[in-house]
Amino acid sequence: MQNNKNIADLIEEFLSYIFGVRNVSPRTVESYRNDMAHFLQMIDKDAPLSSITLADLQICIASLSEQNYAATSINRFISALRTFFDYCYRLGYISTNPAARLKNIKAPQKMPKFLFQSESDELCAMPDKLNILWPVRDKAIIECLYSSGCRVSELAGIKIADLDKNLRSAIVLGKGSKERRVYFSPEAAAALKEYLEDRLKKFPRAKDMPEVFLNMQGNKISRTSIYTVISRYSGVEGTNHPVSPHALRHTFATTMLNNGADIRIVQELLGHANISTTQRYTHVTTAQLVKTYNQAHPHGSGAEIDKEILPAEEKQKK
């Protein structure tokens, strides 16, 4: 195929494709847009795409490293390059794909942050103790996040029609616009019932609103508002153990696996496309418990984790 488009035009076409055809989320598209903007800044915009070589791409990556970008950000940039050049190659805009041989850089392994049972119970109890924000709603948010493993965006997007009649489960829209069912504990269902009743008293017009969770003005709640809720109750006003909403998702996963749940069931409940993403939670609890033991027990060895009592996979990470 003859290609008369410049690189900037091809990038716009690519972004439209992943949004409109591949149904990628707006947030992901924006990440791709930012990464491709970095790419445009580091190359000759007027050069044909076919002139870009593997060495050119490696120079772009090295530039980010020199600017002290985090390994995760650099790997996201590499992924964006691979996806863009693969798109152009498949459509015949280029005859060879210089990004096909790009490899991710090694990123440090981070343990997902999670809460122990006592910490989770304390956080769930905070809305009843504190007279801030909208306690009835906030308790429902915390309980639902903790018992379902929902992503923040998934919880914010739940509609009344998505709930079952007993409020024990809901259909959520996950990454890639894939639907799945998540489940709520009896405590979460009770909190949700109380909130839905209070929701109508506080905002009578809410009976015509499809979304379950509303903000303080009676409109659909945003991801940012949910972050604010968790931040307030886990901050100095509350437990004084600051966490993000995602920590409750991590807590759900580690609790399920630690209590014997099958990893593929947990994968399904979390909406992970790859089981390798779920597998990292099988190592989290062991390492964290060992560290806590060493710090708290009189016969512990201090703050460092004793590698000899970790699983083989964890030893390789340390």
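## Aromatic pairs

Rings of Phe, Tyr and Trp (its six-membered ring) pair if their centres lie within 6.5 Å; planes under 30 degrees apart count as stacked, over 60 as edge-to-face and the rest as tilted. By this rule there are 11 aromatic pairs. The model is predicted: local features need pLDDT of at least 70, side-chain atom pairs count only at pLDDT 80 or more, and totals for chains, interfaces and linings use all residues. Residues are numbered from 1 along each chain as its sequence is written, and side-chain values use heavy atoms, with hydrogens and water left out.

A pair of aromatic rings is described by the distance of the centres and the angle of the planes. Phe-39 and Phe-85 form an edge-to-face pair, with 5.9 Å centre to centre and 80° between the planes. This pair links distant parts of the chain: Phe-39 is in helix 2 (residues 26-41), Phe-85 is in helix 4 (residues 71-90), and they are 46 residues apart. Both Phe-39 and Phe-85 are buried. Buried means under 20% relative accessible area, exposed means over 50%, and partly exposed is in between (1.4 Å probe, protein chains only). One aromatic cluster is formed by Phe-14, Tyr-17, Tyr-32, Phe-39, Phe-84, Phe-85 and Tyr-87.

## Overall make-up

The protein has 14 helices and 2 strands. Helices (H or I, at least four residues) and strands (E, at least two) are DSSP runs, numbered from the N terminus. Of the 318 residues, 42% count as buried.

Contact means heavy atoms within 4.5 Å. Among contacts between residues at least 6 apart in sequence, 57% join residues at least 24 apart.

## Two nonpolar cores

A nonpolar core is a set of buried Ala, Val, Leu, Ile, Met, Phe, Trp, Tyr and Cys residues joined through side-chain atoms within 4.5 Å. The largest one has 44 residues, of which Leu-155, Leu-163, Phe-184, Leu-192, Tyr-195 and Phe-213 touch the most other members. At least two residues of this core come from each of helix 5, helix 6, helix 7, strand 1 (169-173), helix 8 (186-202), helix 9 and helix 10. Another core lies apart from it, with 33 residues, among them Phe-39, Ile-52, Leu-64 and Tyr-93.

Leu-155 shows what such contacts look like. Not counting residues up to four places away in sequence, Leu-155 touches Ile-141, Cys-144, Leu-145, Cys-150, Phe-213 and Ile-226.

Helix 9 (residues 223-234) has 12 residues and reaches 17 Å from its first C-alpha to its last, close to the 16 Å expected at 1.5 Å a residue. The expected span is 1.5 Å times one less than the number of residues. Its buried residues are Ile-226, Val-229, Ile-230, Tyr-233 and Ser-234. They cover an arc of only 110° around the axis, so they sit on the same side of helix 9. The arc is that of the directions from the helix axis to the C-beta atoms. The buried residues of helix 9 pack against helix 5 (117-129), helix 6 (135-148), helix 7 (152-157) and helix 10 (245-258).

Helix 3 (residues 54-66) has 13 residues and reaches 18 Å from its first C-alpha to its last, close to the 18 Å expected. Its buried residues are Leu-54, Leu-57, Cys-60, Ile-61, Ser-63 and Leu-64. Helix 2 and helix 4 are included in what covers them. Just after helix 3, Asn-68 takes a positive phi of about 65°.

## Loops

Most residues other than glycine have a negative phi. Leu-133, in the loop between helix 5 and helix 6, has a positive phi of about 50°. Leu-133 is partly exposed, with a relative accessible area of 28%. Leu-167 also has a positive phi, near 60°. Leu-167 lies in the loop between helix 7 and strand 1 and is buried, at 13% relative accessible area.

Ala-161 lies in the loop between helix 7 and strand 1. Ala-161 counts as exposed, at 74% relative accessibility. Asn-215, in the loop between helix 8 and helix 9, is buried, with a relative accessible area of 13%. Leaving aside neighbours within four places in sequence, Asn-215 is in contact with Trp-134, Arg-137, Phe-203, Lys-220 and Ile-221.
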